[in-house]
Amino acid sequence: MRAKFMHFVRLGAMGGAVVGLLHNASAVSAGGGGGGLDQRDRSGSWMRRSRLYLNAKEYGETVNDLYMGHGTKWNSNWDMREPESLVKPLKKDATEEEKSEHKKKVDEKKAKATRVLILVRHGQYNLEGKGDLERYLTEVGREQADLTGQRLKAILHKHLEEKQDENGNVIKPNVSMTKSTMTRASETGDIIHSHLPHLDIKSCDLLREGAPCPPEPPTKKGDWDVGPEDFFVEGARIEAAFRKYFHRADPTQTEESVDILVCHGNVIRYFVCRALQLDPAAWLRMSVLNGSISMVVIRPSGRVSIRQVGEAGHFPPHLLTFN
């Protein structure tokens, strides 16, 4: 291992030289002539003796390490709803009948529908406010919320259509809306709801803004007045919110559902990292605009994908704000 590491370091330190040597060797071989082959052989022999001969098979995984050393693998039971984990495991000496019954129970626990979570950041708010009640939306923030409501109504038009079952009974749209209890998010949610009046709207303290976890790289000293105790308390709350809202569909759900969560920048960024099973400490490496829309899709298999993060194409330039 040490020899390979030193070999790699030497290659890294003299990368330019190696490229030049390989280029020259190729040029010699392509140039033809009686002495071309001999010169190419001498070049190759010299590179081998100098331990500068590139071996793609040996160094490919090291040089092009896309995992960056993390070795991250997808956890299929991230929400503790993997069907096999919800059924009592089979005994080693299970009969064919018991195996058949076990398979039936597993199938009954499988999700059948996709869940879509739409994460909306609140509009711009009054930074001069001393407390939450004084940190209400500015005029810009109210305009942002209004346009976001219009945007959601447009992109969800198919989900919002009332349908009828085989008996002619009206089936209500499987769309819900929940807002943080903080003033700026609550006001944003109410304005959005004015465009989606048929939806039930709820409030949730778990979605309030806070400090999810210490970011990496860390913030500069004095930039953010947050201590370890804040991460300890608020991080647990935000993680509880993630576990409450992020999971695959219940087995009884048969149609795609949409859950709109009107909340905050830190919360949304943490949710995105957690949903993708990335290091949550990376949450501060991205930004989401006021009134922007992020979308997470959770499929029946438990696989998760991101359709958009901080999308704000429905705003004119003067409404593109971060605060």
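Guide: We will go through the sheet, its helices and its cysteines. Keep in mind that this is a predicted model.

Visitor: How do you know the order of the strands in the open sheet?

Guide: Follow the pairing. Two strands pair if at least two bridges are found between them. Six strands line up as E5-E4-E6-E1-E7-E8, with mixed pairing.

Visitor: Why are E5 and E8 said to stand at the edges?

Guide: Count partners. Strand E5 (201-204) and strand E8 (304-311) each have a single partner strand, so one side of each has no neighbour in the sheet. Neighbouring strands here are turned by 20° against each other on average, direction ignored.

Visitor: What makes E1 and E7 a pair?

Guide: Six bridges join strand E1 (residues 115-121) to strand E7 (residues 293-298). The cut-off is at least two. E1 and E7 therefore count as paired, and they run antiparallel. As an example, Val120 stands opposite Ile293 in E7.

Visitor: What is the partner of Val120 in E6?

Guide: Val262 is its bridge partner there. E1 and E6 pair in the parallel sense, over seven bridges.

Visitor: Which strands does E4 pair with, and in which sense?

Guide: Five bridges join E4 to E6, running parallel. Four bridges join E4 to E5, also running parallel. Look at Lys179: its bridge partner in E6 is Val262, and in E5 it stands opposite Ser203.

Visitor: What is the hand of the crossover from E4 to E5?

Guide: The chain leaves E4, passes through H8 and reaches E5; this β-α-β crossover is right-handed. The word applies because, with the strands pointing away from the viewer, a right-handed path runs clockwise.

Visitor: Where do the helices lie?

Guide: Helix H8 (residues 183-193) lies across E1, strand E4 (175-180), E5 and E6, at about 155° to E4. Helix H6 (residues 139-155) packs on the sheet too, touching E1, strand E6 (257-263), E7 and E8. The direction of H6 makes about 35° with that of E7.

Visitor: Why is E6 called mostly covered?

Guide: Seven of its seven residues are buried. Ser257, Asp259, Leu261 and Cys263 point one way, while Val258, Ile260 and Val262 point the other way. E4 is mostly covered as well, with five of its six residues buried.

Visitor: Why is Cys263 called buried?

Guide: Buried means under 20% relative accessible area. Cys263 has 0%, so Cys263 is buried.

Visitor: What about Cys273?

Guide: Its nearest cysteine sulfur is that of Cys213, at 7.9 Å. Against the cut-off of 2.5 Å, Cys273 is in no disulfide.

Note on methods:
Residues are numbered from 1 along each chain as its sequence is written. This is a predicted model: local features need pLDDT of at least 70, side-chain atom pairs count only at pLDDT 80 or more; totals for chains, interfaces and linings use all residues. Side-chain values use heavy atoms; hydrogens and water are left out. Helices (H or I, at least four residues) and strands (E, at least two) are DSSP runs, numbered from the N terminus. Axes are lines fitted to C-alpha atoms, for helices over the stretch in contact, and angles run from 0 to 180 degrees between N-to-C directions. Contact means heavy atoms within 4.5 Å. Buried means under 20% relative accessible area, exposed over 50%, partly exposed in between (1.4 Å probe, protein chains only).
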